[in-house]
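I opened the model to look up a few points of its architecture. My entries follow.

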Amino acid sequence: MAASVVTVDRNLKPGVTPILKGFGVTLKAFFDSLFRRKASTIEFPEKKRSVSSRYRGIHVLTEREDGTPKCVACYMCATVCPAECIYIEAGERPEATIEKYPTRFEIDLLRCVYCGFCVDACPEEAIIMSRENDLVGTSRAELIIDRDRLMARNELVEHGTGYRPADHDVRRPVRIAALERLKAEHGIVPGMPGTRS
Amino acid sequence: MPKCTIDGREIEVPAGTTVIRAAEELGIRIPRFCWHPDLPVDGNCRMCQVEVEKMPKLQIACNTQVTEGMVVHTKSEKAKEAQRATLEFLLINHPIDCPVCDQAGECYLQDQYMDHGLYGSKVELEDKVRKRKLVDLGPIMLDAERCVLCSRCIRFEREVTGTNLFEFVNRGDHTQISTFEGRPIDHEYAGNLADVCPVGALLSHDFRFKMRVWFLKEHESVCPGCSTGCNVFVDERDGEVQRLRPRRNADVNRSWMCDPGRALYKEIGVTSRVSGARVRGPSSWEGVTVAAALDRVAAALKQAGSASAFLASPQGTNEDVFAFKALAEAGGAKLDFRVGDPQKRLRERIDRVLQRADRNPNTQGCLDLGVGRDGVDAILAACRSGRIEALVLQGPEILRVPEVVDAVAKVPFVAVMATHEGPELDRATVVLPAALWAEAEGTFTNCDRRVQRLRAAVPPPGDAAPRWELAAGLLLRLGRPLGAATAREVFSLLAKATRGYAGLDYRAVGGTGRPLPPDESASPAQEARA
């Protein structure tokens, strides 16, 4: 439901009239929601507002058809990240076509500023964002989300995917900013990964 | 001395100098793959083509000698175009797999294709010639697809180690480097192959996938592995040393370094470091603060007076040894360093490249500072006869020597400055935590009497402090302060007090060290061995 904008006349003279007018508004809203089901609020968390398909919510690590992470542990996201919230450890996967993969991939969601630079810097479409934005936990450690939890998020259908490379145009300012940061500060441009025959 | 102009700047160089070296001297970097300052010129990659006025065609800067009045343009339209075309040829079969390649960030090919904006390859991945990937050559991983066929590794094997392990095989597009039958590399200079390789074809197994190089911060230092004193970079991230890498010094190690030296970073960040002081209590060790431990040692030294002995360590820096010597002299005690004859193997080489038989970095410094004074044998004899009441060791290495063990057992008070835990520390009364070479400022004097500087790259663990600081703490407690608060000041004191070091300070030592005049008092036998 879209929120409507109410215009307020601030030149009202003090007195009883504005108070009564105010009560009138309250009463109208009260009866509207009670009998006509026209409430501006929703019953969160049972119901959720729909957000843009380019919404930058909690990250998702995408996977290949065989269930392994698409990520090749190139550290582009960790390099470009302005909040330094991504921690990666790389390992060797000798039997696969691409020999490098992340043995650890952790994002500190409390440090993350949800800028989407990681998605822009990724040469693999391995990290994308979801539309999920309700971040709740009982401890800080719980909100440092590891590789397996990031990959399990692939199955989250209720929110739909958020910001991902398929949506963006290469000329988009966010992507240009991310790539320029990589190039200017680190002298690198993410290329395409190699495969083995 | 011909004079030439490169990119509008004049330079006079000795006859026979190549254009690329003259440009280096001016700080102009001409793109290159096959040229390396310490390898013979090959001229095969054609990347360094430059325009020379009055020459009809472009010349390769690495093999063109400077002549009088030569005018060179390295960045002219013609030169740029030639370099760009060369790059395109190299990129035909290159997989451009920078995301998974460890060389990314220090790769000539990556740097140069970015300079020219050649971000993508014009050839589809499926059409590229496939070569051997992921070949494990022991300390090195070979990926022939990434190779640009510059032959640096082949020339390194031929000229430096003389082992000739690498050669080109096949022809044309299918040319690739290989060892004979894919055998592993078995010499102790394999790490240099990863360094000379301008691309990601030869990569270090040890550093594989460990870290992206752009996260690393480099610190100039000196390898403590032997008396050669190779100049190194200590590459560190967040206080953790990730690798050692040779730093070019034409007079010491050129661009090379041995693998045992490269592995020395591993001893820095281990959990078995001594991080706090401890003294022997009635039944077991008691952890104490460094100050309390120093109090205890100072009390023992005061009580022992001249019945104390000091054994310095050639693992310590000149500053460490100088402060230690001052400490010994404060009490009129006996002083020497190291078991055996220190001069004997100081300059003896154990291979034809770099390594020397003396595995201590600062034996020459100990000799120069006059620490070899009373003789280790005499000190040990005094220990055995019970005439020594307090023994201070600058390093625990000596406790591992069997002939020393029984002598030390006779001494009622033994203090040792240690970096790593070990069973030998149980023979001490007080253990003081010492900083390692990568954690302290200081200087080493190598076997050729070259004073070279170390820099603190990472913080020492826990309470550990440089050994000169521990010695200075003891001097303060004995009422004879050293009069220096930093390693730089200790070195200035040392320079004043030591023959041959006069007038030296850290500034004069500089980045690549300062050779001292040969010591006249050196024995002729030592010179003959060199």
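Which strands form an open sheet in chain B, and in what order? I found three strands in the order β6-β7-β10 (chain B), with antiparallel pairing. I take strands as DSSP runs of E of at least two residues, and helices as DSSP runs of H or I of at least four, both numbered from the N terminus. Strands count as paired if DSSP finds at least two bridges between them.

This is a predicted model, in which local features need pLDDT of at least 70 and side-chain atom pairs count only at pLDDT 80 or more, while totals for chains, interfaces and linings use all residues. Residues are numbered from 1 along each chain as its sequence is written, and chains are lettered from A and ligands numbered from 1 in the order in which they are written.

I noted β6 (135-136) and β10 (202-204) of chain B as the edge strands, each pairing on one side only. Two bridges join β6(B) to β7 (residues 140-142) of chain B in the antiparallel sense. I see Asp136(B) opposite Met141(B) in β7(B).

Helices. I checked α8 (residues 318-330) and α13 (residues 487-497) of chain B: their axes come within 9 Å and cross at roughly 65 degrees. Axes are lines fitted to C-alpha atoms over the stretch in contact, with angles from 0 to 180 degrees between N-to-C directions. α8(B) and α13(B) are therefore roughly perpendicular (65 to 115 degrees).

Domains. I read chain A as domain 1 (10-41) and domain 2 (59-186), with bounds from an automatic or database domain assignment. Their C-alpha centres lie 47 Å apart.

Definitions and conventions
Parallel < 35°, antiparallel > 145°, perpendicular 65-115°, else oblique.
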